[in-house]
Amino acid sequence: MEVRKTPRLIQAAAKHIFSLTVISVSLLLVGSKLPTTLERVYALGELRVISRNGPTTYYEGPHGQTGFEYLLLQQFANELGVRLVIEDEESLDAMLNKVGGGQTHFAAAGLSITERRRQRVRFNQPYMTIRQQVLYNSRTPAPRSVEDLIGKDILVIANSSHAERLEAIKTHYPALTWRESSSVEMIDLLEKVHSGEVDYAIVDSNAYELNRHTFPRARAAFDLGAPQELAWAFPRSRDESLYQAAEEYLNRIKQDGTLAAISERFYDHIDEVTTGGALLFSYRLEKRLPQWQTLLQEAADEFDLDWQLLAAISYQESHWNPNARSRTGVRGLMMLTLAAASDMGIDNRIDPKQSIHGGAKYFRNLYDRLPERIQGEDRTWLALAAYNVGMGHLEDARKITQALGGNPDRWVDVREHLPLLAKRSYYKYTRHGYARGWEPVTYVRNIRNFYSIIAWHQQQEQRQLAAQEAETEQQRIQRKVSSNRTLNMPLSVL
């Protein structure tokens with residue numbers, strides 16, 4: 001997959017060359033018959049999609065590009081046998097213009113279906129239903145209705161479905177006002193509400209669920225209007241070849257469970273966390289994690305692991321407290337047992353470097369012991385479950401899963417059967433007997449939550465650093481321009 005960001009003049013020239021090339025190749029392929037959009041995709045070998053970088057669409061993760069929209073798109077491109085090329089576009093208005101003008105194959109950016117947008121583009125079948133939610137800071141009274149929003153500082157994404165809905169509401173509440181910005185993503189809106197920079201913001205429910213633990217003071221007050229459906233946006237054209245291919249693809253992944261699996265990967269693991277717990281985690285993320293980040297990164301490099309995953313494991317185990325001790329005698333940042341520490345060559349469990357090294361080595365050992373056919377995130381989540389409950393109990397649960405018709409290599413199937421290890425009617429037939437099988441399910445879910453928060457926190461820090469550097473550079477340029485203007489002024493003025 002390729003993400004392209006190019007100047008407008010270069011884009012225009014590239015599009016012209018692209019069009020000529022595709023037409024030439026396609027004419028050679030089909031003679032005098034004009035090629036369809038799908039035929040041009042095959043001829044070019046690329047599926048060109050316009051999107052908006054963000055947590056619910058696509059972003060750069062620890063292991064490359066990821067995101068809900070990205071996974072849907074990448075699988076569609078794979079089925080077509082072409083390369084996925086994503087063009088990043090911050091402006092929703094510009095995005096819809098490019099789709100309507102045929103400058104891209106379609107748009108996939110968590111777009112809500114609205115009547116106004118239907119006049120510009122053609123939506124295919126929806127893949128998700130969301131709600132628009134009004135956010136407020138928990139340190140202030142929660143608004144209960146639209147009347148409570150009047151006179152407040154409300155921020156929304158420019159040309160968004162949220163802005164459209166506010167415009168419709170304004171006909172009944174003329175005093176309602178708000179601000180729009182094209183330079184913010186929904187996660188930015190959560191941050192601004194959390195910090196008190198704005199009074200209210202409006203975001204989609206899926207974006208709120210995905211990021212609410214990162215900014216726990218940003219709370220959902222009420223839903224604004226009826227639910228909305230998300231879909232891909234295609235040009236309004238008589239040529240429906242690519243549109244129909246996308247329809248067939250979406251129908252198939254809905255029926256075979258692929259869409260549900262992708263949704264589970266990004267949303268369904270999110271668990272309820274109290275506001276107090278989220279605030280405490282946010283505080284520790286700022287104050288404690290930096291102390292251990294270098295050690296976590298070194299251990300991750302040594303054992304070919306993701307340091308942010310190790311950070312999530314250590315938070316779940318010890319809350320990043322190197323002196324942590326449980327009632328069962330496990331100790332340290334990674335809460336190793338005496339036996340596990342000995343096996344990993346660790347002699348001091350409360351030494352942070354040894355503990356992190358030992359925990360990383362132990363997790364890698366469990367990860368490598370799983371069958372090679374288990375790949376991707378399933379392998380990671382199953383290894384985490386083994387870290388908590390032991391490889392023996394995990395294997396018992398996988399056997400039960402298979403016996404009951406599930407897939408023992410898929411985490412979503414195994415997690416449904418792990419709690420059965422606490423039932424005599426099941427564990428009496430296992431090799432390793434009784435286990436508190438619900439605990440590894442909660443354990444993995446918590447780590448997935450922490451991992452997502454840590455990853456986004458790091459990305460937010462990088463974005464803020466880049467913005468600060470850009471601002472500093474802009475100020476330097478302005479000073480230079482101002483200095484040049486002063487030097488060029490007539491002596492009489494000086």
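The model is predicted, so to speak of local features takes pLDDT of at least 70 and side-chain atom pairs count only at pLDDT 80 or more, while totals for chains, interfaces and linings use all residues. Residues are numbered from 1 along each chain as its sequence is written, and side-chain values use heavy atoms, with hydrogens and water left out. Helices (H or I, at least four residues) and strands (E, at least two) are DSSP runs numbered from the N terminus.

**Cavities**

- Rolling a probe the size of a water molecule over the atoms shows where empty space is left.
- A cavity here is a set of points, on a 1 Å grid over the protein atoms alone, where a 1.4 Å probe fits but cannot get out; lining residues have an atom within 4 Å of a point.
- The largest cavity has 18 lining residues, with Leu92, Ala109, Gly110, Met186 and Asp204 nearest its centre.
- Strand E6 (106-112) and helix H6 (161-170) are the elements that give two or more residues to this lining, and E6 provides the largest share, four residues.
- By class, the lining has six nonpolar, eight polar and four charged residues (nonpolar: Ala, Val, Leu, Ile, Met, Phe, Trp, Tyr, Cys and Pro; charged: Asp, Glu, Lys and Arg; polar: the others, Gly among them).

**The sheet**

- Five strands form an open, mixed sheet in the order E11-E10-E12-E9-E13 (two strands pair if DSSP finds at least two bridges between them).
- Its edge strands, E11 (179-181) and E13 (218-223), each pair on one side only.
- The twist averages 35 degrees from one strand to the next.
- E9 (residues 132-137) pairs with E13 in the antiparallel sense over five bridges, and Asn137 stands opposite Ala218 in E13.

**Helix pairs**

- Axes are lines fitted to C-alpha atoms, for helices over the stretch in contact, and angles run from 0 to 180 degrees between N-to-C directions.
- Contact means heavy atoms within 4.5 Å.
- H2 (residues 37-44) packs on H9 (residues 241-255) at about 85 degrees, with axes 6 Å apart.
- H2 and H9 are therefore roughly perpendicular (65 to 115 degrees; under 35 is roughly parallel, over 145 roughly antiparallel and the rest oblique).
- Thr37, Leu38 and Val41 in H2 meet Ser241, Leu242 and Ala245 in H9; these contact residues divide into four nonpolar, two polar and no charged.
- H16 (residues 376-389) and H17 (residues 391-403) pack at about 125 degrees with axes 7 Å apart, which makes H16 oblique to H17.

Methods. On a 1 Å grid over the protein atoms alone, a cavity is a set of points where a 1.4 Å probe fits but cannot get out, and a pocket is an open set with protein on both sides within 12 Å along at least five of seven lines; lining residues have an atom within 4 Å of a point.
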